[in-house]
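Hi there,

Here is the structure I promised to pass on. Have a look at it first, and my notes follow below.

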Amino acid sequence: MSLGQRVSSDHQLARLLQIGVVLEEVVESRAAHHLESLPAEERAEVDEAVEELLVEASEESADHRERLEALIDDLDAETVAYEEINALVDAQYGPPEDTDGVLYDQLANEETAYKFYDDLIEAIESSDAEFAIDREQLLETLYDIREEEKEGVEEVTEIMEHRA
């Protein structure tokens, strides 16, 4: 996803942060459901590293969502409730076939989130707009989240390499 332009208003910033919240909600929901959705024989074979990865991914996405929601609140905007997104994820995505499918899905989620935050940071940095929230705090929050997504990509990749 490329934003391709500068963020020029509070409204536009709020919309982009809302997209980030939805992205985090989808990642959180999918990570939480992956272990539950694996067939019993696959679930028994899931090693601790994969299980820990999914638990951490779900918790990290919940934390990112809360941090983004705090920024959105400062802009006097609203977000989509996690329960609504969770219900959509349940209805929309079939369970992965196996542990490798879970890992590939998690890698795609982490990479998508990293790219989104990277593009959002670039769009904010290239803008000279004044926002209703502190620009430094906004960017610091987004830098931190982007770094955690990068670490998530590296962690999934490492687990995948060890399983190969």
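**How the helices pack**

Helix H3 (residues 48–74) and helix H6 (residues 135–163) have axes that come within 11 Å and cross at roughly 165°. Axes here are lines fitted to C-alpha atoms, for helices over the stretch in contact, with angles running from 0 to 180 degrees between N-to-C directions. H3 and H6 are therefore roughly antiparallel to each other (angles over 145 degrees count as roughly antiparallel, under 35 as roughly parallel, 65 to 115 as roughly perpendicular and the rest as oblique). Their crossing is left-handed, meaning that the near helix is turned anticlockwise from the far one by less than a right angle.

On the H3 side, the contact (heavy atoms within 4.5 Å) involves residues including Leu53, Glu56, His64, Arg67 and Leu71, and on the H6 side residues including Leu138, Ile145, Glu148, Val156 and Arg163. By class, the residues of this contact divide into 10 nonpolar, 3 polar and 10 charged. In this scheme Ala, Val, Leu, Ile, Met, Phe, Trp, Tyr, Cys and Pro are nonpolar, Asp, Glu, Lys and Arg are charged, and the others, Gly among them, are polar.

H3 also packs with helix H5 (residues 99–125), at an angle of about 25° and with the axes 12 Å apart. H3 and H5 are therefore roughly parallel to each other, and H3 passes H5 in a left-handed crossing. Val50, Leu53, Leu54, Ala57, Glu60 and Leu68 of H3 meet Thr99, Val102, Leu103, Gln106, Glu110 and Tyr117 of H5. That contact has 8 nonpolar, 2 polar and 2 charged residues.

**The chain as a whole**

The protein chain has 6 helices and 0 strands (DSSP runs numbered from the N terminus: helices are H or I of at least four residues, strands E of at least two). Of its 164 residues, 45% are buried (under 20% relative accessible area, with exposed over 50% and partly exposed in between, using a 1.4 Å probe and protein chains only). Among contacts with a separation of 6 or more, 84% join residues 24 or more positions apart.

**Confidence and conventions**

This is a predicted model, in which local features need pLDDT of at least 70 and side-chain atom pairs count only at pLDDT 80 or more, while totals for chains, interfaces and linings use all residues. Residues are numbered from 1 along each chain as its sequence is written, and side-chain values use heavy atoms, leaving out hydrogens and water.

The mean pLDDT (the predictor's confidence in each residue, from 0 to 100) of the chain is 85, and 82% of its residues reach 70 or more.

Best wishes
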